Each structure stands twice: as C-alpha cells, then as structure tokens.
Amino acid sequence: MAAWFLYAYGDEKTRNTPVNILAIDPVPGPGTWWSILTQLPPNVVNYVGIYSWDQSYNLNVQDHAFQALVPRPNGRMRGEDNNITIHSQSWLDWIKRYPGWGVMANEVQQVDPLLPDENRPQPKGYELYTCRGRHSTIAGNTTADGNYDPTNTSSTVAPVPELIYKIARGYLTEWGSRFSTPCAVEKGVLELRQEIHTFHREFDVMGGGATRNSTSFPNRPYVRRISSIWGRNPNDTYYMDDVVGDPPYKLSYPVTTERKNKGWVDWKFL
C-alpha cells in the first residue's frame, strides 16, 4: 500500500524511488482485499514474501482472518512492459463507498503467480518462501502453539523466528541497510533449518496434525488458504499446498493427498 501511495501521489522523484519489500506473512484480514494489495506497482524492485505453513484455515476460530496474500509481480519483474494506467474512482465505486486509493489497481491486475503456467519464465526480484509455524511464529512468537501465553514458550519452536530474523537482516543488508549491532542469532541458517525439520512435532500440531487430511470435514479445513485475487469474496482463494508444489522429501512439510497442480512461480521451502 505504501508503494502504491508513493507511486500515485508522489512527485516525479518520489514516484520513481525504488521500493524493496520484505513481507513476513502478509494477511489483509477478513475485509475487502483492495486491488492495491494484490498487485505490486511499477516502483517495486524487489518483493520477498515469507509465508507460514501451519496456519490452518479453521482449526482455530480466528484463523479464517489470516488467509495469506500474495501480490502479483509487476512488469519489471516479468521482463515485460512496466507502464500502467492508474484506475480512477468511478461512480459505481463512489456509490459503493470504495475509497479512491483502494481501487487504483482495479484495471491493472497482472499475471497471477498462483496459477499454473509451465512456459512462463521465473520473475526477477520476486521470491516466495514458506516456513513451518503459524502466523505469529514466523513474526517472532516462540510459544508451542502459536498463541500468546508467555509461559508456553518452546525451544523447538524458537528456531523459526530466529531463522526469519537472519533472513530479514540478510535481505535488508543486500538492499543497502547497515546495522549498528551484530546479528543476535549465533546459530547458522543450516543448523536452524535442521532443528526445525528434526523437531517438528509442535509445528505439526499447530496445523492439524502430521498429515492435513480430514475424513470428518470437507474442503481440507487444515490447509491454509492463500490468495492473489482482489475483491470481497472470501472464497476467492487457493489451497496453499496446491500452489507451492511438492516440498523436498528431506523436509517435513505435511501435505494432503488431494494436493495437485503448482503455480508458475517457484517457491522456496525453509
């Protein structure tokens, strides 16, 4: 949203300022998914999104509000035309009380990264990761169940936020940030990943079990929903295990027997 505001409302210098985005489990909530949420504007040079694997769709009452959002890569990232025309608020938008800023990208929704397309080359400056844990886990919470009881912290969950922290510092450094203090996590990336996939029981429980199959409820209730589609319809989502492809066999990522397809953008499994 900030990138769109810079591009739409800034002066010539501001609107052309390169924007780098590192998004840790971006979720727009249960309301309207404005078009500026699901399409990256032309000024975004790099987008890195890290998404939690074990945030189920309805294992917990609040989980439905945490459907993950994957914005669509812009033309620069696809090696195509990066020019767009900003959508002006129409009379229908005004009647529906849609804000002008919310509808700017209505007419410029570009290639959906979650749909299959074997012939499309991979985008540049656009990376999608998934990691074990719930929404709060990859944002820094070390509790055993992903909830917020500080007496329930777990040493086997801690490697996830520690890994994400190191990744964030790495990308920010690559993009020009300078840190005045050294990294607080002493363990290396490989060691952290080994711990995550060796001691994964608590992550399995977070998302509904070691397998996400359900014989009691239809529609894969323990599989996270994910979307790149703007609008109000809460059903405009994909099953996460359908869009990321097959996890590496050496890593413990529970998938359902119904899993199929893969989006054209390759995901990285942490």
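Phe5, Tyr9, Trp34, Tyr98 and Trp101 form one aromatic cluster. Rings of Phe, Tyr and Trp (its six-membered ring) pair if their centres lie within 6.5 Å; planes under 30 degrees apart count as stacked, over 60 as edge-to-face and the rest as tilted. This rule gives a count of 12 aromatic pairs. Take Phe5 and Trp101: their ring centres are 6.2 Å apart and their planes stand at 50 degrees, so the pair is tilted. The pair links distant parts of the chain, 96 residues apart. Phe5 sits in helix H1, and Trp101 in the loop between H4 and E4. Helices (H or I, at least four residues) and strands (E, at least two) are DSSP runs, numbered from the N terminus.

The model is predicted: local features need pLDDT of at least 70, side-chain atom pairs count only at pLDDT 80 or more, and totals for chains, interfaces and linings use all residues. Residues are numbered from 1 along each chain as its sequence is written, and side-chain values use heavy atoms, with hydrogens and water left out.

Buried means under 20% relative accessible area, exposed over 50%, partly exposed in between (1.4 Å probe, protein chains only).

Now look at Tyr253 and Phe269. Their aromatic pair is edge-to-face, with 5.0 Å centre to centre and 75 degrees between the planes. Tyr253 lies in the loop between helix H9 (240-243) and strand E7 (267-269), and Phe269 lies in strand E7, so the pair ties together parts 16 residues apart in sequence. Both Tyr253 and Phe269 are buried.

Next comes Asp54, in the loop between strand E2 (44-52) and strand E3 (68-69). Asp54 is buried, because its relative accessible area is 0%. What does the side chain of Asp54 reach? It comes to 2.6 Å from the backbone nitrogen of Gly133. A polar contact of 2.9 Å also joins the side chains of Asp54 and Arg212. A polar contact is a pair of N or O atoms within 3.5 Å; within protein, one must be able to donate a hydrogen and the other to accept it, and residues adjacent in sequence count only if both atoms are side-chain atoms.

Ala, Val, Leu, Ile, Met, Phe, Trp, Tyr, Cys and Pro count as nonpolar, Asp, Glu, Lys and Arg as charged, and the others, Gly among them, as polar.

The largest pocket has about 310 Å³ of space. On a 1 Å grid over the protein atoms alone, a cavity is a set of points where a 1.4 Å probe fits but cannot get out, and a pocket is an open set with protein on both sides within 12 Å along at least five of seven lines; lining residues have an atom within 4 Å of a point. Grid points are joined across faces, edges and corners, and a volume is the space filled by probe spheres set on the points. The largest pocket is lined by 17 residues, and Met1, Ile21, Ile36, Leu37 and Leu69 lie nearest its centre. By class, 16 are nonpolar, 1 is polar and none is charged. H1 gives the largest share of this lining, 3 residues.
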